[in-house]
Amino acid sequence: LGHLPTDADNRPVLSPDGHYAASARDRRTVLWELPSLRRVTEVDGSGPVFEAGGTLLRTQVWRNEKPYVQLVSLPDGRLRFIGAESDSEIDPVVSPFGEFVGITHGRDLHLIAIESGQVRTLSDYPAGEFSPGGKWLLADSLSVNGDDGCVLCEAATARQLQRLTGEWSRFTPDGRLIVTTTWDKRVLIWGPRSIPAALPSP
């Protein structure tokens with residue numbers, strides 16, 4: 001294929017459909033068409049990640065030496081969102097169809113509507129994951145003693161539907177089960193009988 005210019009700490013990434021690659025160098029990211037390696041567009045930022053099925057590209061940009069989350073549409077590189085990023089090591093999360101982005105600030109998760117910019121905050125739940133269908137959000141306390149647990153929320157409103165035991169949680173690939181792990185090394189599986197309001201329609 002050829003060589004993609006990149007920094008040592010910015011590996012090239014492939015889009016889910018394999019049609020594009022993104023490489024970053026000197027805080028700039030280039031989108032390449034595959035397999036021709038035709039240069040499609042160039043955007044600000046480094047650390048590229050394909051989101052929302054490859055329709056968005058997430059990069060980290062810097063403003064006054066502070067990191068920001070940037071989302072651009074593909075393949076045109078149109079800016080869709082830019083927002084302040086915390087110094088947390090927790091990566092931002094983007095909903096499967098690109099409606100929302102979740103950014104960690106301290107112990108809180110800020111859930112932001114990409115089109116309107118409306119922000120809803122889940123206090124004391126710094127980490128999150130969207131369901132495969134994008135309707136639900138799992139937010140984790142990451143508490144070492146498991147006191148705060150995990151919470152299942154409605155993605156569009158951040159309304160909390162049910163607390164779950166555990167410090168870490170994930171949806172199964174089909175979105176019909178939730179797996180949580182606890183500080184005492186237990187693995188719990190939650191299904192439609194335990195969460196009837198949400199799990200039948202992921």
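These legends walk you through several close-up views of one predicted model.

Residues are numbered from 1 along each chain as its sequence is written, and side-chain values use heavy atoms, with hydrogens and water left out. Because the model is predicted, local features need pLDDT of at least 70 and side-chain atom pairs count only at pLDDT 80 or more, while totals for chains, interfaces and linings use all residues.

View 1. A strand is a DSSP run (E, at least two residues), numbered from the N terminus, and two strands pair if DSSP finds at least two bridges between them.

**View 2. Strands 7 and 8 side by side.** Five bridges join strand 7 (residues 66-73) to strand 8 in the antiparallel sense. To find your way, look for V72, which stands opposite L79 in strand 8.

**View 3. The hairpin of strands 15 and 16.** Strand 15 (residues 150-154) pairs with strand 16 (residues 160-164) over four bridges, again in the antiparallel sense. C150 has L164 in strand 16 as its bridge partner. Five residues lie between the strands of this hairpin, where A158 takes a positive phi near 65°.

**View 4. Salt bridges around D44.** A salt bridge here is a side-chain nitrogen of Lys or Arg within 4 Å of a carboxyl oxygen of Asp or Glu, and the count comes to eleven. D44 forms one with R63, their closest N and O atoms being 3.1 Å apart. This pair links distant parts of the chain, since D44 is in strand 4 (residues 38-44) and R63 in strand 6 (residues 56-63), 19 residues apart. Both belong to a network of salt bridges that also includes R28, R39 and E42. D44 is partly exposed at 24% relative accessibility, as is R63 at 32%; buried means under 20% relative accessible area, exposed over 50%, and partly exposed in between (1.4 Å probe, protein chains only).

**View 5. Two further salt bridges.** R58 and E51 meet at 2.8 Å, N to O, and both residues are buried. R170 and E129 meet at 3.8 Å, N to O. R170 lies in strand 17 (residues 168-171) and E129 in strand 13 (residues 127-130), so this pair ties together parts 41 residues apart in sequence.
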